Amino acid sequence: MVVIRWILGRLILLFDFLFAPKRAKRAPEAQAKLDAAMSDYRLYQYAACPFCVKVRRSLRRHNLNIELRDAKQEPHRSELEQGGGRLMVPCLRIEKAGEVTWMYESSDIIAYLEQTHLSQAA
Ligand SMILES: N[C@@H](CCC(=O)N[C@@H](CS)C(=O)NCC(=O)O)C(=O)O
């Protein structure tokens, strides 16, 4: 089972590498503004988790440069478990005005980032 999971993980990484989405291009000022906004976030994730790959591909497609934290490694593993309350990835750590919230669920993370930073109103 461990071997099968390892092989599947490598296949996911290979697929992700071969079919990496193109990064959105925007004016340097707009990209710099977005980069600054992304400093509010940290994405806790595993390299070969399919749900994490889904979120990372969306980040890449939208050119959202969020710091990735490998939740298999300490201290990130403990930060996630204690801060978020669950050792599940992906999880987006959001820090706004000194307040920290933790968002689980790949689809919710993608929708939140799109609505907050990429919609017409944002
Ligand atoms: N529905 C979740 C599924 C996430 C998920 O199952 N992640 C796995 C890794 S691939 C995990 O962290 N499992 C640990 C657990 O469920 O406690 C999503 O879309 O983000």
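**Helix packing and local geometry**

Modeller: Helix α1 (residues 2-18) packs against helix α3 (residues 50-62) at an angle of about 15 degrees, and their axes are 10 Å apart. Please bear in mind that this is a predicted model.

Colleague: How are α1 and α3 oriented to each other, roughly?

Modeller: Angles under 35 degrees count as roughly parallel, and α1 and α3 are therefore roughly parallel to each other. The crossing in which α1 passes α3 is right-handed.

Colleague: Which residues make the contact?

Modeller: From α1, the contact uses Ile12, Leu13, Phe15 and Asp16; from α3, it uses Pro50, Val53, Arg56 and Arg57. By class, the contact of α1 with α3 has five nonpolar and three charged residues, with no polar ones.

Colleague: With which residue does Arg57 form a salt bridge?

Modeller: Arg57 pairs with Asp16, and the closest N and O atoms are 2.8 Å apart. In general, side chains of opposite charge can pair when their charged atoms come close.

Colleague: Where in the chain do the two partners, Arg57 and Asp16, sit?

Modeller: Arg57 is in helix α3 and Asp16 is in helix α1, so the pair links distant parts of the chain, 41 residues apart.

Colleague: And how many salt bridges does the structure hold?

Modeller: There are five salt bridges in the structure.

Colleague: Let us move to the other partner of α3. How do the axes of α3 and α5 cross?

Modeller: The axis of α3 comes within 9 Å of the axis of helix α5 (residues 106-118), and the two cross at roughly 15 degrees. That makes α3 roughly parallel to α5. Here α3 passes α5 in a right-handed crossing.

Colleague: Which residues meet there, in α3 and in α5?

Modeller: On the α3 side they are Phe51, Lys54, Val55, Ser58, Leu59 and His62; on the α5 side they are Ser106, Ser107, Ile109, Ile110, Leu113, Glu114 and Leu118. The contact of α3 with α5 divides into seven nonpolar, four polar and two charged residues.

Colleague: A change of topic: which residues does UniProt list for the GST N-terminal domain?

Modeller: The unreviewed UniProt entry lists residues 43-117 as "domain: GST N-terminal". In the model, the end C-alpha atoms of residues 43-117 lie 16 Å apart, and the span is 45% helix and 25% strand.

Colleague: Now the backbone. Which peptide bonds are cis?

Modeller: Pro75 lies in the loop between β2 (67-70) and α4. Another cis bond runs from Val89 to Pro90, where omega is near 0 degrees. Pro90 belongs to the loop between α4 and β3 (91-96).

Colleague: What is phi of Asn63?

Modeller: Phi of Asn63 is near 55 degrees, a positive value in a residue other than glycine. Asn63 is in the loop between α3 and β2.

Colleague: Finally, His76. Where is it, and what is it in contact with?

Modeller: His76 is placed in helix α4 (residues 76-84). Leaving aside neighbours within four places in sequence, His76 is in contact with Tyr44, Arg69, Asp70 and Ala71.

Colleague: How far apart are His76 and Val2 in space?

Modeller: His76 and Val2 are 23 Å apart, C-alpha to C-alpha, and 74 residues apart in sequence.

Note on methods:
Residues are numbered from 1 along each chain as its sequence is written. This is a predicted model: local features need pLDDT of at least 70, side-chain atom pairs count only at pLDDT 80 or more; totals for chains, interfaces and linings use all residues. Side-chain values use heavy atoms; hydrogens and water are left out. UniProt positions are given in the numbering used here, feature names are shortened, and annotations may be inferred rather than shown by experiment. Helices (H or I, at least four residues) and strands (E, at least two) are DSSP runs, numbered from the N terminus. Axes are lines fitted to C-alpha atoms, for helices over the stretch in contact, and angles run from 0 to 180 degrees between N-to-C directions. Angles under 35 degrees count as roughly parallel, over 145 as roughly antiparallel, 65 to 115 as roughly perpendicular and the rest as oblique. A crossing is left-handed if the near helix is turned anticlockwise from the far one by less than a right angle, and right-handed if clockwise. Contact means heavy atoms within 4.5 Å. Ala, Val, Leu, Ile, Met, Phe, Trp, Tyr, Cys and Pro count as nonpolar, Asp, Glu, Lys and Arg as charged, and the others, Gly among them, as polar. A salt bridge is a side-chain nitrogen of Lys or Arg within 4 Å of a carboxyl oxygen of Asp or Glu.
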